[in-house]
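Here are a few notes to keep beside you while you look at this one for the first time. Have the viewer open and go through the points in order.

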Amino acid sequence: MEKVKIAILGFGNVGTGVWKILLENKKEIMKRSNYDIEVAKILVKDINKERDIALPREVLTDNIDDIINDESIKIVVELIGGRGEAKEYMIRAMKAKKHIVTANKLVIANWGKELFRIAKEENALFYYEASVAGGIPIIREINESLTANRIQQITGIINGTTNYVLSKMTIDGSGFNEALKEAQEKGYAEADPTSDIDGYDAVYKLAIMASLAYGTEVDHDCIYREGIRNISDIDIQYAKQFGYTIKLLAIAKEENNKLELRVHPTFIPSSHPMANVNDAFNAILIKGNAVGELMLYGKGAGALPTGSAVVGDIISILRNNVAPTEVKAANAKVDFKEVKKSNDNESEFYIRLDFKDKAGVLGDTAEIFGKNNVSIVSITQDVAHKTHSTLAFITHKSSEKNINNSLKKIVELESVNKVESIIRIESFN
Ligand code: NDP
Ligand code: HSE
């Protein structure tokens, strides 16, 4: 069988996962790709680092030129993460006539357009299945299986780290920091977990999916973003009391040729299947005008699930030599469908206020909501302390503008100390 040489850039969580799969499933991979894949080089930062997997000395390198200048290497698998070097190495590899597989959503969401242009110019194939939702084959699903549809909505739990943290806080009562540490130890988090916790990682993935689903450029800076840093155990308890579970959702909807794109913590009904997507699992619910509702569920992070998508891409390159659809992700706003301003979006809301327990506060807040066309579905009061208490509201569907106008007035009330939380509700109606 013909041999093909590849190089892996990065031997961390995903890089080692790819290595293990190539070894463990060698026979099947040979049969399916018609090639005997040899990992000729692996690029790392620290060549002297102790590693769990012993590698032949000649395979490891800390010099990218060893890969770029080796004409026998046909595919470069980028798994170092981050922006500058990852992007530069992929461009250099394509210019050296190598195909690319990457899991790097940050680079694709920022420079996808440029990378795909270079891939075309250089006749390089550029595959990126693992960049969204780890082991779930969502890119192929949108690019191939669902192309007959007009996609009406994509709703996803697409960050494993935040889902792990929220699940641990909800189910086991773990603290935020403890749960995040566990997610890092399990290899789910980015090198800088701020990207997970503050919602950037989910924003990049949503930009990629929306670009493919709506055939347009998506500037990720236009996506409304809120992370999970401020979710407290009090909100989790209230969510349970009202029959909801808190998840970090990424939502893309098209209405009247405008895109609504947002990533934020969300109350979802505890009876909905998405509420039971726990740990590092991801799920993506797609509504198409022909297929109806479709839900994909699987591991969104981790060495082997992500490695599964990466190795699948390597095999695709060896089998088909067909380029996947381009992501039109870029910061240039050419051919750009308008993204709705977040103030124009509508949702039901959960709002929690901290107030001084004085007569009249309920009437005053209800009056302000009423004047701003916000109608209340339910209110719960919890007298937690002697001097102040909590009021939690669930609203009917309201525009963000009306909610914000109400809250501006409500915080001016002498009896209100603080708006503690505002969390959107997705009822999946
Ligand atoms: P890790 O931090 O675990 O590993 C990074 C690897 O890259 C390490 O081996 C490191 O070397 C090497 N590296 C980093 N910078 C450089 C550099 N400048 N030059 C040479 N080598 C470098 O990352 P992950 O494996 O977790 O993630 C890799 C990519 O996959 C990222 O883009 C991430 O977003 C994406 N991804 C990750 C998933 C996951 O579950 N972890 C899931 C889906 C996508 P050394 O070992 O010497 O430190
Ligand atoms: N840090 C990412 C996550 C890895 O937690 O989902 C998968 O892209």
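1. Start with the crossing of α7 and α8, which is right-handed (a crossing is right-handed if the near helix is turned clockwise from the far one by less than a right angle, and left-handed if anticlockwise). Helices here are DSSP runs of H or I with at least four residues, strands are runs of E with at least two, and both are numbered from the N terminus. Helix α7 covers residues 160–172 and helix α8 residues 176–185; their axes come within 9 Å and cross at roughly 135°. The axes are lines fitted to C-alpha atoms, for helices over the stretch in contact, with angles running from 0 to 180 degrees between N-to-C directions. The pair is therefore oblique, the class left over once angles under 35 degrees (roughly parallel), over 145 (roughly antiparallel) and 65 to 115 (roughly perpendicular) are taken out.

2. Who makes that contact (heavy atoms within 4.5 Å)? From α7 come Thr161, Tyr164, Val165, Lys168 and Met169, and from α8 Phe176, Ala179, Leu180, Glu182 and Ala183. They split into seven nonpolar, one polar and two charged. In this scheme Ala, Val, Leu, Ile, Met, Phe, Trp, Tyr, Cys and Pro are nonpolar, Asp, Glu, Lys and Arg are charged, and the others, Gly among them, are polar.

3. A word on the source: this is a predicted model, where local features need pLDDT of at least 70, side-chain atom pairs count only at pLDDT 80 or more, and totals for chains, interfaces and linings use all residues. Residues are numbered from 1 along each chain as its sequence is written, chains are lettered from A and ligands numbered from 1 in the order in which they are written, and side-chain values use heavy atoms, leaving out hydrogens and water.

4. Next, α13 and α14 (residues 400–410): these pack at about 145° with axes 9 Å apart, again in a right-handed crossing. Thr365, Ile368 and Phe369 of α13 meet Ser406, Leu407, Lys409 and Ile410 of α14. By class that is four nonpolar, two polar and one charged.

5. While you're on α13 (residues 361–371), find Glu367. Glu367 is partly exposed at 46% relative accessible area (buried is under 20%, exposed over 50%, partly exposed in between, with a 1.4 Å probe and protein chains only). Its C-alpha lies 50 Å from that of Gly302, 65 residues away along the chain.

6. Is Ala124 buried or exposed? Ala124, in the loop between α5 (105–122) and β6 (126–127), is buried, at 9%. Leaving aside residues up to four places away in sequence, Ala124 touches Met94, Lys98, His99 and Ala119. Lys98 is 26 residues off in sequence, yet the two C-alpha atoms are 6.2 Å apart.

Methods. Contact means heavy atoms within 4.5 Å.
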